[in-house]
Amino acid sequence: MSSLIRTLRHPCLKRHLFLKRHSGERHLSISSLLNGKHMNIDYQDDVAVVRLDKADAKMNTLSTEVMTEFQDIFNEIQRNKSVKAAVLISAKPGNFVAGADIDMLKNAGSAEETTALAKNGQRLFHELENSKKPFVAAINGVALGGGLELTLACQYRIATTDKSTNLGVPEVMLGLLPGAGGTQRLPQLVGVASALDMALTGKNIKAKKAKRMGLVHQLVEPLGPGLVDAQTGTMQYLERIAVDTARGLANGSVKIPPIKHSQQDRIIAYLLKFGFFENYFFNKMIKGKVMKQTKGLFPAPLLIADVIREGVINGHDKGYEAEAAGFGKLSQTNESKALIGLYDGQTHCKKNRFGKPAKPAQNIAVLGAGLMGAGIAQVSMDKGYNVTLKDSFSSGLAKGQEQIYKGYNLSAKKKKITTFERDQIVAKLDATLSYDSLKTSDMVIEAVFEDINIKHKVIKETEAVIPEHCIFASNTSALPISDIAKASKRPEKVIGMHYFSPVDKMQLLEIITTDTTSKDTVASAVQVGLKQGKLVIVVKDGPGFYTTRLLAPTLSEVIRMLQEGVGPQKIDKLATSFGFPVGIATLLDEVGIDVAVHVSEYLGGVFGDRFAGGNVQVLKNLVDSGCAGRKTGKGVYVYSDAKAKTRPVNDTATKILKEFAMEPVDAVSSDSDIQLRLISRFVNEAVMCLQEGILDNPLEGDIGAVFGLGFPPHLGGPFRYVDLHGAAPLVEHMRRFEAAYGPAFTPCSLLLEHAKDSSKKFHLS
């Protein structure tokens with residue numbers, strides 16, 4: 001392998017000599033490097049290497065300024081007669097180009113302005129695609145959205161098989177469509193079916209699959225550490241291969257492989273020539289499936305299908321025109337604004353705004369080997385933590401270990417990890433019945449039963465053995481952390497870490513702080529959550545914190561509806577058609593009816609009539625009848641067949657509900673009223689949490705609601721919902737419900753302020 005000899009630096013011009021292989025011969029090459037703000041050109045003989053390196057950013061994104069600079073560099077390469085080919089490569093580790101600059105899209109303004117952005121991107125990439133000098137995209141890390149569209153316009157694509165390398169067009173997740181040619185080039189390269197699959201799901205494609213699909217032409221295996229670190233060595237190696245390939249394309253020694261579509265795509269392409277199949281394929285198969293999955297709540301997937309269809313059937317010119325117009329149209333929808341808001345929220349919740357902890361945790365202990373405890377242990381082991389799992393009973397400990405091992409065996413079976421990696425991870429688990437194993441812990445997370453006396457006992461027993469710096473975190477879902485901390489000798493080291501079930505799949509972690517929790521404790525808890533791969537929100541202490549406070553009145557309203565004779569299946573259908581991923585009656589079973597009893601009694605006692613709704617005795621009778629929800633096989637529904645798509649209603653639940661039947665109020669019982677009764681209680685309580693200071697900001701409030709409780713993502717969260725759809729209409733509906741049911745629907749003062757002044761917004765952008 002060639003090696004770097006020396007780099008000579010100059011303020012304006014850098015020259016370096018390096019050895020490399022070319023045509024089987026080692027030779028010296030002179031390279032000059034010209035710097036721009038966001039990228040530079042490194043002339044290596046007759047090949048220009050363009051290194052993308054957006055200023056003051058961890059990730060490369062395509063802003064107006066970046067695109068203008070790239071246009072200038074592209075023009076320079078075309079003018080330079082000594083340059084025969086070019087390579088595009090990133091100077092940032094693990095990132096080629098992550099997509100378009102979100103701020104650019106948010107600031108674009110009208111549909112016409114956003115359409116113009118798309119057309120400018122199309123024009124530049126069209127010039128790139130038709131360049132007589134071949135361009136090679138050297139991809140290491142993510143190439144997403146506009147980043148992938150940039151590579152698609154290049155004549156040749158090389159990608160490393162590094163784990164960080166992912167290709168995709170995730171614009172649909174922002175309520176948009178690929179706007180710089182992606183909807184037109186993808187069908188040509190990978191076939192119509194694969195292009196639709198990529199664009200409609202936004203899924204990431206790993207390098208090896210991308211090669212099989214025809215998305216990239218060549219793969220490069222990453223290097224291990226040597227004279228330089230593995231990452232640097234891999235990038236240097238990738239660049240050398242890309243430069244040799246570009247030179248070969250220019251002199252004809254390297255040929256671009258012909259496009260080969262799968263048999264399925266070839267058959268579809270042939271059948272699309274016939275009008276009847278075209279209509280069936282796009283309208284019935286594609287858009288029909290989209291409607292079934294999205295309930296028509298997301299306009300982007302439907303328009304993506306139309307735009308791809310336009311290009312496939314009527315040619316690229318029509319397709320590009322439809323793409324730009326569609327991009328502009330979608331940019332103005334509430335759904336896109338909501339989803340971009342969630343993107344901003346996720347970015348915010350992946351940062352530790354509390355700084356770096358004095359002693360980052362390495363050894364984590366989890367108390368309680370039940371479903372939650374085992375889940376917390378597993379997500380900690382996944383990220384390299386040494387984990388001690390403690391339980392009071394050997395049978396419980398064995399079940400927890402079995403759950404963890406089952407998860408890793410399944411991952412190995414699906415080839416997500418190797419059996420060697422599985423064994424390495426599992427080796428990080430120490431299962432124990434003794435507190436003595438906690439002596440070296442940096443953080444202890446308790447996941448024991450929701451009883452304040454049990455938690456007080458556990459915290460005292462834990463503090464008797466843990467080191468002075470160790471943090472004690474409670475996974476309670478409702479009990480105030482300040483009450484739990486009363487049993488602690490070190491309340492500044494006590495914090496809440498509320499995980500959601502199943503822990504390995506739910507992205508949210510709600511961290512709860514008290515007035516005595518130290519900033520370093522918060523910083524450490526946030527760091528652990530982020531390393532576990534969670535979206536972290538930090539809220540103030542109080543009964544129910546944030547998420548449980550939102551869920552409790554919503555479930556209380558469901559019980560009232562069930563007592564009024566609204567069937568659980570109807571409630572679920574109305575909830576999912578409004579955008580909830582899971583029906584609210586089903587959610588009651590998933591949460592656990594016994595848990596709902598505990599939360600309802602506790603929070604009902606704290607908040608009084610505002611949490612009123614159905615009769616909690618309904619829930620108690622269900623639990624007494626052995627119907628505690630999915631975990632017992634019966635709740636509102638019966639769960640006898642694990643594979644069944646629909647669940648029969650539990651006869652015992654029906655009988656109990658009849659005993660507590662209530663007369664419905666016809667004036668507030670229409671289908672839309674049922675939906676609004678659920679959503680209004682949810683939103684009002686969220687705004688109340690911001691008003692009371694439980695929430696620090698509305699951004700985290702939206703993330704907590706969507707990723708922890710399943711609030712409809714197309715609405716963007718309770719605060720974005722109010723911003724986009726108005727507080728006044730919501731308050732008007734709540735006044736009707738208030739007249740029928742009382743204080744449970746009384747709008748909080750902050751919501752009333754926004755209703756009176758429509759210019760008031762929770763979010764600035």
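Modeller: The side chains of lysine 92 and aspartate 53 form a salt bridge, at 2.9 Å from N to O. The term salt bridge stands for a side-chain nitrogen of Lys or Arg within 4 Å of a carboxyl oxygen of Asp or Glu. Lysine 92 sits in the loop between strand E6 (85-90) and strand E7 (95-97), and aspartate 53 in the loop between strand E5 (47-52) and helix H1 (64-79), so the pair ties together parts that are 39 residues apart in sequence. Helices (H or I, at least four residues) and strands (E, at least two) are DSSP runs, numbered from the N terminus.

First, the ground rules. This is a predicted model, in which local features need pLDDT of at least 70 and side-chain atom pairs count only at pLDDT 80 or more, while totals for chains, interfaces and linings use all residues. Residues are numbered from 1 along each chain as its sequence is written, and side-chain values use heavy atoms, with hydrogens and water left out.

Back to the pair. Lysine 92 is buried, at 9% relative accessible area. Aspartate 53 is partly exposed, at 33%. Buried means under 20% relative accessible area, exposed means over 50%, and partly exposed is in between (1.4 Å probe, protein chains only).

Arginine 79 is exposed, at 56% relative accessibility. Glutamate 76 is partly exposed, at 30%.

Two strands pair if DSSP finds at least two bridges between them. E7 and strand E9 (residues 142-144) run parallel, joined by two bridges. Asparagine 95 stands opposite valine 142 in E9.

What about the rest of the model? By the salt-bridge rule, the count comes to 39. One of the pairs is glutamate 450 with lysine 455, whose closest N and O atoms are 3.3 Å apart. Glutamate 450 and lysine 455 are both buried. Elsewhere, salt bridges link Glu557, Arg560, Glu564, Arg677 and Arg681 in a network.
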